[in-house]
Amino acid sequence: MVGRLGRWMAGAVAAMGLIAGPAAAQLAPDDAQVIGRQLRAYEQAHTGQGLQRVFGPRMGQAREGATQAFTIPLQSGRVYALVGACDRDCTDQDFRLFDPNGQEIGSDLAADDAPMVRLRAGPAGRYRLEVIMVTCATNPCAFALNVYGR
């Protein structure tokens, strides 16, 4: 039996146009379409600015109030944009970014469901991105993130 996250992840992949046919027919379309549209819009906007996807999509799910952390390798001096998308039950999702020394270097704590952090990376290394599910009407909420760089 496929759970909500499994259906969502498959749906997100289908919504991004990465799979088609019978596999796509088994997907829960609503959340996948919402997140897929957001990710496609981010992709177009960032590639239009000379950035390319260097990490993601990373997908997950979280209950309201929960935080999930992701380790992202960044190179010194490069410009990055970290962007998030979440399903239709999510109305507030935040990001907090920490450098390899554990110092918080960026955040998006606005009351919206599309967090974004832009930066020029300091030292090369493994950065930690915290994804915070602030408001989720129906737990758990599905989310995805991409990182673009140049």
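The legends below describe close-up views of a predicted model.

**View 1. An open sheet is built from four antiparallel strands.** The strands follow one another in the order β1-β8-β3-β6, and their pairing is antiparallel. Strands β1 (52-62) and β6 (116-120) stand at the edges of the sheet, where each has a single partner strand, so one side of each is left without a neighbour in the sheet. From one strand to the next, the twist averages 15 degrees. Strands of a sheet pair, in general, through backbone hydrogen bonds, in either a parallel or an antiparallel manner.

**View 2. Phe 70 and Phe 143 form an aromatic pair.** A search of the whole structure finds one such pair. The ring centres of Phe 70 and Phe 143 lie 6.1 Å apart with their planes at 85 degrees, and because planes over 60 degrees apart count as edge-to-face, the pair is assigned to that class. Distant parts of the chain are linked in this way, since Phe 70 belongs to strand β2 (residues 67-74) and Phe 143 to strand β8 (residues 141-149), 73 residues apart. Phe 70 counts as buried at 9% relative accessibility, and Phe 143 is likewise buried, with a relative accessible area of 0%.

**View 3. The charged end of Arg 128 sits over the ring of Phe 98.** The distance from this charged end to the centre of the Phe 98 ring is 4.2 Å.

Note on methods:
Residues numbered from 1 in each chain as written. Predicted model: local features only at pLDDT ≥ 70, side-chain atom pairs only at ≥ 80, totals over all residues. Heavy atoms only, no water. Pairing = 2+ DSSP bridges. Helix = DSSP H or I, 4+ residues; strand = E, 2+ residues; numbered from the N terminus. Axes fitted to C-alpha atoms, helices over the stretch in contact; angles between N-to-C directions. Phe/Tyr/Trp six-rings, centres within 6.5 Å; stacked < 30°, edge-to-face > 60°. Buried < 20%, exposed > 50% of the residue type's maximum accessible area, 1.4 Å probe, protein only. Lys NZ or Arg CZ within 6 Å of the ring centre and 35° of its normal.
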